[in-house]
Amino acid sequence: MLSIMPGLKRALKIGALSGARLLGAFAIARFATRHHVRIMCYHAGTVGDESRYNPKLFCSAELIRERMQWLTRRGFNFVSLDQALNTLDAKAPLRKLQTAVTFDDGWFTTADKLVPALSGLGIPSTLYVTTEEYGRGWPVLGVTIRYALWKSGQQRLAISDNPAFAGEYDLASTSELNTLVDKVVAWIKQSATTRAEACACLESFATSVGVPGESLLLATRRFDFVTAEEMRDLQAQGCKVELHGHAHRYPLGDARGFQSDLQTCHSILTDAGLAGLAHYCYPGGSFDTIAEHVLARMGVRSATTCKPGLVTSATSRFYLPRFLDGGSVHQLEFEAEMSGVFHLLRGVLAWREWKLFGPSAQRPLWDADLGTASALGNSAGGSATADLWG
Ligand SMILES: [Zn+2]
């Protein structure tokens with residue numbers, strides 16, 4: 001009974017959305033929120049079955065093209081992040097249903113598959129690059145290892161052929177899975193000094209869990225990051241490169257650490273020939289109230305989170321909400337989020353809680369089980385996390 005509950009709940013939600021759309025609620029919400037800005041978030045593109053492994057991290061070019069075509073048909077106006085903020089700051093004329101598209105991390109497949117899909121439709125975008133992985137020039141180890149484990153289809157593993165990570169693991173246990181991944185990452189970092197050696201280690205690990213090494217398709221660079229030249233090419237296609245930190249981890253409560261991380265990211269991207277870096281994206285969506293002071297001091301104009309919602313002129317530029325789209329988001333959920341239906345419902349729920357519990361109600365607006373990003377496990381207290389690598 002319990003196992004069918006999430007499926008049943010989802011089916012009821014989709015049914016309710018279908019009815020609401022039929023009754024015109026989506027069109028009404030779009031009109032009511034036409035002056036709000038939408039910021040969308042995607043990550044990597046796909047070469048093969050990656051979106052079945054992690055549909056929020058990997059999105060096919062076909063899906064993003066379909067989403068953009070739907071938005072175009074409904075009258076959404078695509079703008080750059082700077083154009084959207086200029087409008088909110090009343091420095092540029094207001095256009096209805098303004099939408100900015102952003103990509104996180106700096107995956108090669110973003111540059112190779114997703115940005116060309118947008119450029120072909122004349123849609124500008126932003127790519128937030130995290131520089132530690134970019135600088136390493138290897139496939140992202142943790143993500144590749146987790147993909148191999150997913151591809152093995154096994155729940156329990158007994159590994160004996162490599163003492164660095166030999167043992168028995170219950171992959172349904174997050175802590176055991178993380179332990180295995182950490183051990184394999186440490187082994188590869190110790191064993192490899194070049195990309196070719198790292199790929200050989202990854203293929204060897206895949207083989208040890210029953211997955212043919214060549215099926216990882218590492219030569220396609222599906223788990224790699226862009227190079228400096230590729231980043232510069234992206235800018236020429238209308239995709240502006242921006243800051244995503246160096247370590248891909250926001251240092252909660254550590255202003256000095258945050259500033260240092262940001263400076264490292266900024267100088268690496270500047271050395272790669274990228275100028276005018278002025279926007280930041282919190283890695284994993286984690287943030288705190290220290291961030292805005294550091295960002296303002298460093299001249300950063302905006303920062304995006306992973307909490308769902310729409311942006312108004314009253315929204316803090318350092319905690320901008322974004323809609324994290326992907327293959328696990330039903331078309332009706334996508335339409336509801338982009339039309340502002342969930343945004344309005346979150347407002348109603350927040351108002352009701354405020355009436356019931358008064359100003360002491362601590363539940364953040366985005367915690368309501370309405371938006372698809374809330375399924376990623378938002379935490380209370382001012383952060384909304386979406387660590388898709390782990
Ligand atoms: Zn990221």
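**Metal site, a helix and a strand pair**

Tutor: His 248 has a relative accessible area of 15%, so it falls under the 20% cut-off and is buried. Keep in mind that this is a predicted model.

Student: And His 244, buried or exposed?
Tutor: His 244 is buried, because its relative accessibility is 1%.

Student: OK, which protein donors does the zinc ion have?
Tutor: Both of those histidines, through NE2, plus Asp 105 through OD. They lie 2.0 to 2.2 Å from the zinc ion.

Student: How are the donor residues spaced in sequence?
Tutor: The pattern is D-x138-H-x3-H.

Student: Switching to helix 6. Which of its residues are buried?
Tutor: Phe 108, Thr 109, Thr 110, Ala 111, Leu 114, Val 115, Ala 117 and Leu 118.

Student: What span should helix 6 have?
Tutor: Helix 6 covers residues 108-119, 12 residues, so at 1.5 Å a residue it should span 16 Å. Its end C-alpha atoms are 16 Å apart, which agrees.

Student: Now strand 5. Which residues are on its covered face?
Tutor: Leu 157 and Ile 159, while Arg 156 and Ala 158 make up the uncovered face.

Student: How does strand 5 run relative to strand 6?
Tutor: Antiparallel, with 4 bridges joining strand 5 to strand 6 (residues 167-170).

Student: What stands opposite Ala 158?
Tutor: Glu 168, in strand 6.

How values were computed:
Residues are numbered from 1 along each chain as its sequence is written. This is a predicted model: local features need pLDDT of at least 70, side-chain atom pairs count only at pLDDT 80 or more; totals for chains, interfaces and linings use all residues. Side-chain values use heavy atoms; hydrogens and water are left out. Helices (H or I, at least four residues) and strands (E, at least two) are DSSP runs, numbered from the N terminus. The expected span of a helix is 1.5 Å times one less than its number of residues. Buried means under 20% relative accessible area, exposed over 50%, partly exposed in between (1.4 Å probe, protein chains only). Donors are N, O and S atoms within 2.8 Å of the metal (3.2 Å for Na, K and Ca); water is not among the atoms, so sites may look incomplete. Two strands pair if DSSP finds at least two bridges between them.
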